[in-house]
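This report describes one protein model. Please look through the sequence and the structure before reading on.

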Amino acid sequence: MASEDVKLCFALFDKSNAGSISKEDAATALRTLGKAPSSEELEELLGGASNVDLAKFTEMFNSAEKPEFEEVKEAFSLFDVLNNGYIPLKELTHLMKTLGEGLPDDALQELEQVCEPDEDNMVNYMHFVKKMFQDL
């Protein structure tokens, strides 16, 4: 990813043009750019800072790990109990709400649309994972 993308993302979150963003906005911006740091990793990247300037944000971006396609696919396959490439939408939303940091309700509603469940409310997780990675 180009450094221009990192700068542009930072600028989008720096709404007041103060030259810094909050640690919460930095976390969201990193995720927007395809990184997936856990809370612990994020605290380590922040180094105790409550606000982040562009230089620190760029450093955080370069240090944060990006999930690998195969790892994500394998994680979803663990919930494919019938081994047919599908997981129930209800189970997917439950997992996304309860595991790790969990997604808020508005993000879960968006997820339900993006994952394109079939008429039986089953999600083809390979298709879903591909969609997640297409813009990263």
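## Overall layout

Among contacts in the protein between residues at least 6 apart in sequence, what percentage join residues at least 24 apart? The share is 61%. The model is a predicted one, and every value in this report is computed from it.

The protein has 136 residues, and 29% of them count as buried. Its secondary structure is made up of eight helices and four strands. Read from the N terminus, these elements follow the order α-β-α-α-β-α-α-β-α-α-β-α. Along the principal axes, the C-alpha atoms occupy a box of roughly 50 × 25 × 25 Å.

## Surface and charge

The accessible surface of the protein is about 8700 Å². Carbon and sulfur atoms account for 50% of this surface.

The protein carries 12 positive and 28 negative charges. The mean position of the positive charges and that of the negative charges are 2 Å apart.

## The negative patch

Which residues gather in a patch of negative charge on the surface? They are Glu40, Glu41, Glu44, Glu65, Glu68, Glu71 and Glu74. Two helices, H3 (39-46) and H5 (69-77), each contribute at least two residues to the negative patch. H3 gives the largest share, with three residues.

Glu65, one of the patch residues, is located in the loop between helix H4 (54-63) and H5. Glu65 counts as exposed because its relative accessibility is 60%, and the cut-off for exposed is over 50%.

## Two loop residues with positive phi

Asn17 is a residue other than glycine, yet its phi is positive, near 55°. Asn17 sits in the loop that runs between helix H1 (3-13) and strand S1 (20-22). With a relative accessible area of 68%, Asn17 is exposed.

Glu116 is not a glycine either, and its phi is positive at about 50°. The loop that holds Glu116 lies between helix H7 (105-114) and strand S4 (122-124).

Where is Asn83 placed? Asn83 belongs to the loop between H5 and strand S3 (86-88). At 69% relative accessibility, Asn83 counts as exposed.

Asn83 can also be compared with Ser3 in position. The two residues are 80 residues apart in sequence. In space, the distance between Asn83 and Ser3 is 41 Å from C-alpha to C-alpha.

## Thr93, a helix residue

Thr93 is part of helix H6, which covers residues 89-98. Is Thr93 buried or exposed? Thr93 is buried because its relative accessible area is 14%, and buried means under 20%.

Leaving aside residues up to four places away in sequence, Thr93 touches Leu108, Leu111 and Glu112.

How values were computed
Residues numbered from 1 in each chain as written. Predicted model: local features only at pLDDT ≥ 70, side-chain atom pairs only at ≥ 80, totals over all residues. Heavy atoms only, no water. Patch = residues over 30% accessible without salt bridge, like charges linked within 9 Å, V, L, I, M, F, W, Y side chains within 5 Å. Areas by Shrake-Rupley, 256 points an atom, 1.4 Å probe, with all protein chains shown as cover. Salt bridge = Lys/Arg side-chain N within 4 Å of Asp/Glu carboxyl O. Lys, Arg positive; Asp, Glu negative; His and termini not counted. Charge placed at Lys NZ, Arg CZ, Asp CG, Glu CD. Buried < 20%, exposed > 50% of the residue type's maximum accessible area, 1.4 Å probe, protein only. Contact = heavy atoms within 4.5 Å.
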